[in-house]
Amino acid sequence: MDWPAAFLTLKIAFATTVILFAIGIPLAYWLAMSTWRGKFVVEAVVALPIVLPPTVLGFYILMATGPQSVVGQAYEQATGSRLPFSFAGILLGSVLFNLPFAVRPFTAAFASMNRRLIEASWCLGETRWGTFRRVTLPLCWHGLLAGVVLTFAHTIGEFGVVLMVGGNIPGVTRTLSISIYDDVQSLNYTSASQTSLVLVLFSFTVLCIAQMLGRKGRST
Amino acid sequence: MSGELVAGFEKHYPGGAKIRCELRMPATRFFITVLIGPSGCGKTTLLRCLAGLERPNSGCIVFDGACWFDATTRIHRSPQDRGIGFLFQDYALFPHLTVAQNIGYGLQSIPSDERRKRVSTIMSQFQIDGLESRFPHQVSGGQQQRVSLARVLIRKPRLLLLDEPLSALDEELRELLRGQLRGILRDFDIPVVMVTHDQREAQALADQVVVLRPNE
């Protein structure tokens, strides 16, 4: 078991989940509640990473954040370091790639809520934020938590985007999936099977939790 | 227009159908206007426009001298700013809150002791005391209706909007509450706009009846 890779994988999964929770909740709420006709374009953009090969997304992120790009130059000026082949780079790739895996369950949770309850809260004088805090969140938390769990699990298994944007630098960008790939390349099947088994058990447990939360959310 | 609710507005549906509302009634005392019409004629939409939950396409709504909506000047006050009470057809009780928490929901700005006292008083008044710690799904349809009405009236709204308040009840209970509802509302001395498709309900409760026709 490659422990630095395991630690890095958990670190990136945790950071990705936190960031996606922060940007995914407002985006999902807007997608669930908005009646704007052009909403489908935003929905398509959010869902794009589901159908796009990770290498394609990784390639574009690499191009968009490279030292010749506007984003890459701005980042380098601000921080003194480069995005590609760094932790920040793979974090950016991971956030973009996992966006639909967070936003879609969040949106489903908000959309399944009875909208009358929100309107009833407004008519009782509560603000939009107060309504979100006192009515929407308590009624949707199972669905939101299921989204968080799925995002975390999906990030753990990240491979294509991370390899394209981060390469394979031990302790910096080498995650568990890349470690398995390395082991197989060097014919170290024992290590590869151990790491794979850990990932299978972890993914199975997480899916059980997500299914349980989803069922609980539907029954309340 | 001080002391009156004056509403003259139009709401357009995506398919091209329009509904029109012309309404004038006292705004500072007990008075019930019933909007009556068949299902699908836009009764609930008109009520939602009065509440601020939907924005009409043209016209204006003025309540006791205050402009709530004006299409030309683009004024549109939110439901929170209008100080209305809205009783939804399905009551819209919060399923994760107890009966007492539901009733006290709109009183967050007052101290909890006073809130508890007011909740207790109105629960006695509506004969639903003893249900404080139950959840909405644990009480009957008639009790849910009373909880919902208590939740709205405890805030002393300036205008009460009722969307088919008795339609979710069985015939026997509807008959009973039809007789009691006007008395309950009179005690609070506020203007009421109610929609229904039931002519008997309109006759039993209304001071003024406005008949709506489909696509008018």
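Helices (H or I, at least four residues) and strands (E, at least two) are DSSP runs, numbered from the N terminus.

**Ground rules.** I note that this is a predicted model, where local features need pLDDT of at least 70, side-chain atom pairs count only at pLDDT 80 or more, and totals for chains, interfaces and linings use all residues. Residues are numbered from 1 along each chain as its sequence is written, while chains are lettered from A and ligands numbered from 1 in the order in which they are written.

**Entry: two loop residues.** I looked up Asp189(B) and found it in the loop between helix 6 (171–188) and strand 9 (191–196) of chain B. Asp189(B) is not a glycine, yet its phi is positive, about 50°. Is Asp189(B) buried or exposed? I use these cut-offs: buried means 20 or more other C-beta atoms within 10 Å of the residue's own, exposed means 12 or fewer, and partly exposed lies in between, with C-beta atoms placed from the backbone. Asp189(B) has 11 other C-beta atoms within 10 Å, so it is exposed.

I then turned to Leu187(A). Leu187(A) sits in the loop between helix 9 (176–185) and helix 10 (189–219) of chain A. Its phi is positive too, near 60°, and it is not glycine. Leu187(A) has 8 other C-beta atoms within 10 Å and is therefore exposed.

**Entry: Thr9(A).** Thr9(A) belongs to helix 1 (residues 3–33) of chain A. It counts as buried because it has 23 C-beta neighbours inside 10 Å. Which residues does Thr9(A) touch, not counting those up to four places away in sequence? I found Ile156(A), Thr175(A) and Leu176(A). Contact here means C-beta atoms, placed from the backbone, within 7 Å. Thr9(A) and Leu176(A) are 167 residues apart along the chain, but their C-alpha atoms are separated by 6.2 Å.

**Entry: where the chains meet.** I find 12 residues of chain A in contact with 16 residues of chain B. On the chain A side, helix 6 (115–123) and helix 7 (128–156) are the elements that give two or more residues. Helix 6 of chain A gives the most, with 6 residues.

**Entry: helix 6 against helix 7, chain A.** I checked how these two pack. Their axes come within 10 Å and cross at roughly 140°. Axes are lines fitted to C-alpha atoms, for helices over the stretch in contact, and angles run from 0 to 180 degrees between N-to-C directions. The two helices are therefore oblique to each other. Under 35 degrees counts as roughly parallel, over 145 as roughly antiparallel, 65 to 115 as roughly perpendicular, and the rest as oblique. Helix 6 brings Leu117(A), Ile118(A), Ser121(A) and Trp122(A) to the contact, and helix 7 brings Thr131(A), Arg134(A), Val135(A) and Thr136(A).

**Entry: helix 5 against helix 6, chain B.** Helix 5 (residues 141–153) of chain B packs on helix 6 of chain B at about 15°, with the axes 12 Å apart. That pair is therefore roughly parallel. Helix 5 contributes Gly141(B), Gly142(B), Gln145(B) and Leu153(B), and helix 6 contributes Leu173(B), Leu177(B) and Phe188(B).

**Entry: Leu161(B).** I listed the contacts of Leu161(B), leaving aside neighbours within four places in sequence. Among them are Leu47(B), Leu50(B), Phe86(B) and Val193(B).

Technical notes:
Contact = placed C-beta atoms within 7 Å.
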